[in-house]
Amino acid sequence: MAYAAFRSIGAYVPSKILSNEDLATMVNTSDEWITKRTGIKERHIAAQDEFTSDMGVKAAELAIERSGIDKSDIDMVVCATISPDYFCMPSTATIISTKLGLGNATAFDISAACTGFIYILSIAKAFIESGMKKNILIIGAEKLSSITDYTDRGTCILFGDGAGAAVISATDNKDEAIIDVHTGADGTFADLLMTPNGGSGSVHDSLDQEANSCFMQMKGNETFKVAVRTLTKDVVEILKENNIESSEIKHFVPHQANYRIIKAVGDALKLKEEQVVLTVAKYGNTSGASIPMAINDIYERGILKQGELMLLDAFGGGLTWGSALVPFSPLK
Ligand code: ACO
């Protein structure tokens, strides 16, 4: 049987920074409020002519180069995004694949909001373990600024843009393998986090009205409570099911939505500060891109080493959630 190994990581962050101070000139908020309630200090914003696929390509180029795998051997590309270049079609994954020159590799997007990266990790694992594919490029890429309402202080302070990518490939060596991936969803909480317009479920009188109202809406406080409850239960279960103690986790890489959510889950697992990866202060919430951007952060800081075990967890619109136990298994 083939196992799936997490070979490499790459990320891209646009250069323009939107600080808390900048936001305080746009809506009724303050650096003090945002820092205290979320841990976010700044987020990066893509240029007007910089699309989700452009950021995904830059992250993917790094991931492919670091994987040591020839790009002609990549046989599938999956992109997690809620801010695709084009709604419906073509998928952002096909655009990224073509810009990278990956030939006719299978390519598609998935929509699981902030849990997107864990969902595409589970897809890559399943395709590789079934023997259908050998080298899969997974990408979380978001231009959330394109679906953010910058008059709504409840959401605009949270979100930023960026991309992260990883190469997952087949191995015979079980020690290199992704150990487990959990994914779940519950649509009864759909109204907590939505982009209510832009789809066939929209109620609108004109296309103009539609075009102007495709922004994210969130019931933040309720989402917060469900997030802490669901994530804590899920990470406890994945560790228990795999007989792994939280002390064996070298890097806890949570979705970077809010420092208080990360702290609550970390405390429930009795994790030490040095085990918890935090990038929320500098990038904010980049949805499907947040986990690979955080993994890239520890990789580029030289903290992530071969064989070290990562615990990933995420929560997002849908509602969706997931967790994963992943050893870092580079080829070189
Ligand atoms: N600046 C100042 N005051 C604000 C702001 C702001 N930016 N936003 C809200 N407030 C006010 C509210 O109006 C409210 O005022 P009131 O008490 O007078 O009514 C007060 O602050 C408290 O509001 P809450 O919404 O209860 O604040 P909370 O502590 O819950 O923080 C936040 C809000 C940061 C949004 C938090 O709830 C959160 O992080 N939620 C979870 C987000 C998340 O994880 N989403 C899932 C992933 S996202 C995805 O999938 C795309």
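Guide: One term to begin with: buried means under 20% relative accessible area, exposed over 50%, and partly exposed in between (1.4 Å probe, protein chains only). This is a predicted model, where local features need pLDDT of at least 70, side-chain atom pairs count only at pLDDT 80 or more, and totals for chains, interfaces and linings use all residues. Residues are numbered from 1 along each chain as its sequence is written, and side-chain values use heavy atoms, with hydrogens and water left out.

Visitor: Is Lys 233 buried or exposed?
Guide: Lys 233 is exposed, at 54% relative accessibility.

Visitor: Which side chain does Lys 233 meet in a salt bridge?
Guide: That of Glu 237, at 3.1 Å, N to O. A salt bridge is a side-chain nitrogen of Lys or Arg within 4 Å of a carboxyl oxygen of Asp or Glu. Helices (H or I, at least four residues) and strands (E, at least two) are DSSP runs, numbered from the N terminus.

Visitor: How many salt bridges does the count come to?
Guide: 10. Among them is the one between Lys 219 and Asp 191, at 2.8 Å. Lys 219 lies in the loop between β10 and α8 and Asp 191 in the loop between β8 and β9, so the pair ties together parts 28 residues apart in sequence.

Visitor: What about Asp 297?
Guide: Its side chain forms a salt bridge with Lys 282, at 2.8 Å. Asp 297 is in helix α11 and Lys 282 in helix α10. Shared partners join Lys 282, Asp 297 and Arg 301 into one network of salt bridges.
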